[in-house]
Amino acid sequence: CGGDNVSPVPAGAVKVTPGHSPADLVLAQAHGLPLLSVIGDDGTMCPPGGGWLQGVHRFVAREKVVAALAQRGLYRGTQDHAMMLPTCRYRCPLRVTLSGHVSP
């Protein structure tokens, strides 16, 4: 699918987060994947994040997703991980690309 640029998630799925990774942005663009915004500027979930979560704050949405997975017997636990995001100004090119704002 993406060769060396793809990191398989242990479940066998491939997670592509173009908003957090320049390599994933290149991969998404190469495959014509749409750039979706699932969390609004106010921290609530947008329709592409799941209609049943629309308008729910992201931290509450996380709890709801975990509860839904647990209810179905699909929740396998939580793991801490280091969050490494590139440092950039508020209107860095990546944010401009994802938000649709025109850089001044």
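What percentage of the 104 residues in the protein is buried? I looked this up before anything else, working from a predicted model. Buried residues make up 19% of the 104 residues.

**Entry 1. Overall make-up**

I listed the secondary structure and found 3 helices and 0 strands. Read from the N terminus, the elements run α-α-α. I then looked up the accessible surface of the protein, which comes to about 8200 Å². Carbon and sulfur atoms account for 57% of that surface. For the contacts, I took those between residues at least 6 apart in sequence; 19% of these join residues at least 24 apart.

**Entry 2. Helix α1**

I turned to α1, which covers residues 22-30. Which of its residues are buried? I noted Asp24, Leu25, Leu27 and Ala28. Viewed down the axis of α1, these buried residues fall within an arc of 165°, so they line one face of the helix. On the other side of α1, I recorded Pro22, Val26, Gln29 and Ala30 as exposed. Just after the helix, Gly32 has a positive phi of about 70°.

**Entry 3. Ser37**

I next examined the loop between α1 and α2, starting with Ser37. Is Ser37 buried or partly exposed? Its relative accessibility is 39%, and Ser37 therefore counts as partly exposed. Setting aside residues up to four places away in sequence, I found that Ser37 touches Cys46 and Pro48. The side chain of Ser37 also reaches the backbone oxygen of Ile39, at 3.4 Å. I checked the spacing to Gly19 as well: the two residues are 18 apart along the chain, and their C-alpha atoms are separated by 8.7 Å.

**Entry 4. Thr44**

Thr44 lies in the loop between α1 and α2. Why does Thr44 count as buried? Its relative accessibility is 19%, and the cut-off for buried is under 20%. I looked up its side chain and found a polar contact with the side chain of Asp42, at 2.7 Å. Leaving aside neighbours within four places in sequence, Thr44 is in contact with Val38, Ile39, Gly55, Val56, His57 and Arg58. For Gly55 I also noted the C-alpha separation from Thr44, which is 5.1 Å across 11 residues of sequence.

**Entry 5. Met45**

Met45 is found in the loop between α1 and α2. I recorded Met45 as buried, with a relative accessible area of 11%. Which residues does Met45 touch, not counting those up to four places away in sequence? I listed Val38, Ile39, Leu53, Gln54, Gly55, Val56, Arg58 and Ala61. Gly55 is 10 residues from Met45 in sequence, and their C-alpha atoms are 5.2 Å apart.

**Entry 6. A surface patch**

Last, I looked at the surface. Which residues form a nonpolar patch there? I found Trp52, Val65, Leu69, Leu74 and Tyr75, with about 460 Å² of accessible area together. Of these I followed up Tyr75, whose place is in the loop between α2 (58-71) and α3 (93-99). Tyr75 counts as partly exposed because its relative accessibility is 32%.

Notes. Residues are numbered from 1 along each chain as its sequence is written. This is a predicted model: local features need pLDDT of at least 70, side-chain atom pairs count only at pLDDT 80 or more; totals for chains, interfaces and linings use all residues. Side-chain values use heavy atoms; hydrogens and water are left out. Buried means under 20% relative accessible area, exposed over 50%, partly exposed in between (1.4 Å probe, protein chains only). Helices (H or I, at least four residues) and strands (E, at least two) are DSSP runs, numbered from the N terminus. The arc is that of the directions from the helix axis to the C-beta atoms. Patches are made of residues with over 30% relative accessible area and no salt bridge: like charges are joined within 9 Å, nonpolar side chains (Val, Leu, Ile, Met, Phe, Trp, Tyr) within 5 Å. Accessible areas come from the Shrake-Rupley method with a 1.4 Å probe; for residues, only the protein chains shown count as cover. A salt bridge is a side-chain nitrogen of Lys or Arg within 4 Å of a carboxyl oxygen of Asp or Glu. Contact means heavy atoms within 4.5 Å. A polar contact is a pair of N or O atoms within 3.5 Å; within protein, one must be able to donate a hydrogen and the other to accept it, and residues adjacent in sequence count only if both atoms are side-chain atoms.
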